[in-house]
Amino acid sequence: MFKIFEPNKIFLITSKAPKYVMVLFVIVFLIGLLEALIFSPEDYKQSHSVRIMYVHVPAAWISLGIFSSITFLSLSGYIFKNRIFFLIAKSLAPAGFVFNIIALVTGSIWGKPTWGTWWAWDARITSMLILALFYLIYLIAWRIFEDKENVLKITTIITVLGIINVPIIKYSVDWWNTLHQPASINVLSKSSIHTSMLTPLLIMTAAFALFSLLIFLMKYNTELIKIKNKGLDRL
Amino acid sequence: MINDIFNMNGYGFYVWSAFLFTLLSFTSLYIITKVQYVKERDKFVLKFGALDSKRAEVAKLQTINKEILSSSQSI
């Protein structure tokens, strides 16, 4: 059923893909930077500090998306007894963690001119910090548990516990009184953000998604070579 | 014009710090991932080179092994 994910077949693609993804990322990222830093307008209330949104929001979106994917892949790996799903999940995690850190740090930098503080124990910030901890525990678990069966079980449990936090992050601004404003972009209803700001935001999101794909491919190839290295020992 | 871009009505420090931090994080993650890849690939090439001809033939039957050897400069 999942023969398409077989390392022998997929490596033919994943070994060649990074250079193309890299070129595409550089192009999209440069356009995004120009749009975000020069062409997009300043906000009537926040002035130029609004430009931080173009790195902060995509980083937060991607880190949430990656964690959700890791959970889905870990559960699928467990249900279908397919280790490749775990390998894909493991390869996605470093990019997700770094995007989580970027979201926290750029959010803190944005907080100073906007709220007058670098940090507040606001529901959205705290839940994002908890997500970063889940990422960290997940990555450490892969390093410290040698036994394969154990590590698959433990990492799946970590992701299942961590995914509970994802809807909390998403709805924290609606459920509690937080410093964060409610969502400006809605898929199902009309967004309150102007096109002149939405365009650079979407371009930067595409660039960030391409970067996470690039890191994923490089990490996935590394993991496959690791397995093959062990295979050579057994010959 | 250039001053305006850097100063950004007094918000330049915050905006440029956020973008610089993002760029630094991207660069670090890319370098770390690449170093890990190159290390693992070099280990593979070394191990493969140490195999006797019979074992090397068996190993070469797997497409992925051939691909790893040929993609030494692909990333």
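Author: Two residues are in contact when their C-beta atoms, placed from the backbone, lie within 7 Å. The model discussed here is predicted, and the contacts below are to be read in that sense.

Reader: With that criterion, how many residues of chain A are in contact with chain B, and which helices of chain A supply them?

Author: In this model 40 residues of chain A are in contact with 38 residues of chain B. On the side of chain A that touches chain B, at least two residues each come from α1 (7-14), α2 (17-39), α3 (53-80), α4 (83-115) and α8 (195-234). Of these, α8(A) gives the most, with twelve residues. Sorted by class, the residues on this side of chain A comprise 23 nonpolar, ten polar and seven charged.

Reader: How is α8(A) placed against helix α4 of chain B, and which residues meet there?

Author: The packing of α8(A) against α4 (residues 63-70) of chain B has an angle of about 115°, with the axes 11 Å apart, and the crossing is left-handed. From α8(A), the residues A:L224, A:I225 and A:K228 meet B:I64, B:N65 and B:I68 of α4(B). This contact is made up of four nonpolar, one polar and one charged residues.

Reader: Turning to chain A itself, which elements does the fold contain, and how does its radius of gyration compare with the globule rule?

Author: Chain A has eight helices and zero strands. Its radius of gyration is 19 Å, close to the 18 Å that the globule rule gives for 235 residues, so chain A is as compact as a globular protein of that length. Along the principal axes, the C-alpha atoms of chain A fill a box of roughly 65 × 35 × 30 Å. Of the 235 residues, 40% count as buried, and among contacts between residues at least 6 apart in sequence, 77% join residues at least 24 apart.

Reader: Within chain A, at what angle do α5 and α7 cross, and what does the angle say about their directions?

Author: The axes of α5 (residues 123-144) and α7 (residues 165-175) of chain A come within 8 Å and cross at roughly 160°. Because an angle over 145 degrees counts as roughly antiparallel, α5(A) is roughly antiparallel to α7(A). The crossing of α5(A) past α7(A) is left-handed. On the α5(A) side the residues are A:A123, A:R124, A:S127, A:M128, A:I130, A:L131 and A:F134, and they meet A:N165, A:I168, A:I169, A:S172 and A:V173 of α7(A). By class, the contact has eight nonpolar, three polar and one charged residues.

Reader: Where is A:D122 found, and is this residue buried or exposed?

Author: A:D122 is found in the loop between α4 and α5 of chain A. With 20 other C-beta atoms within 10 Å, A:D122 is buried, because 20 or more is the cut-off for that class. Not counting residues up to four places away in sequence, A:D122 touches A:T178, A:L179 and A:H180. The C-alpha atoms of A:D122 and A:T178 are separated by 5.6 Å, although the two residues are 56 apart along the chain.

Key:
Residues are numbered from 1 along each chain as its sequence is written. Chains are lettered from A and ligands numbered from 1 in the order in which they are written. This is a predicted model: local features need pLDDT of at least 70, side-chain atom pairs count only at pLDDT 80 or more; totals for chains, interfaces and linings use all residues. Helices (H or I, at least four residues) and strands (E, at least two) are DSSP runs, numbered from the N terminus. Ala, Val, Leu, Ile, Met, Phe, Trp, Tyr, Cys and Pro count as nonpolar, Asp, Glu, Lys and Arg as charged, and the others, Gly among them, as polar. Axes are lines fitted to C-alpha atoms, for helices over the stretch in contact, and angles run from 0 to 180 degrees between N-to-C directions. Angles under 35 degrees count as roughly parallel, over 145 as roughly antiparallel, 65 to 115 as roughly perpendicular and the rest as oblique. A crossing is left-handed if the near helix is turned anticlockwise from the far one by less than a right angle, and right-handed if clockwise. The radius of gyration is taken over C-alpha atoms; the globule rule is 2.2 Å times the number of residues to the power 0.38. A residue is buried if 20 or more other C-beta atoms lie within 10 Å of its own, exposed if 12 or fewer, and partly exposed in between; C-beta atoms are placed from the backbone.
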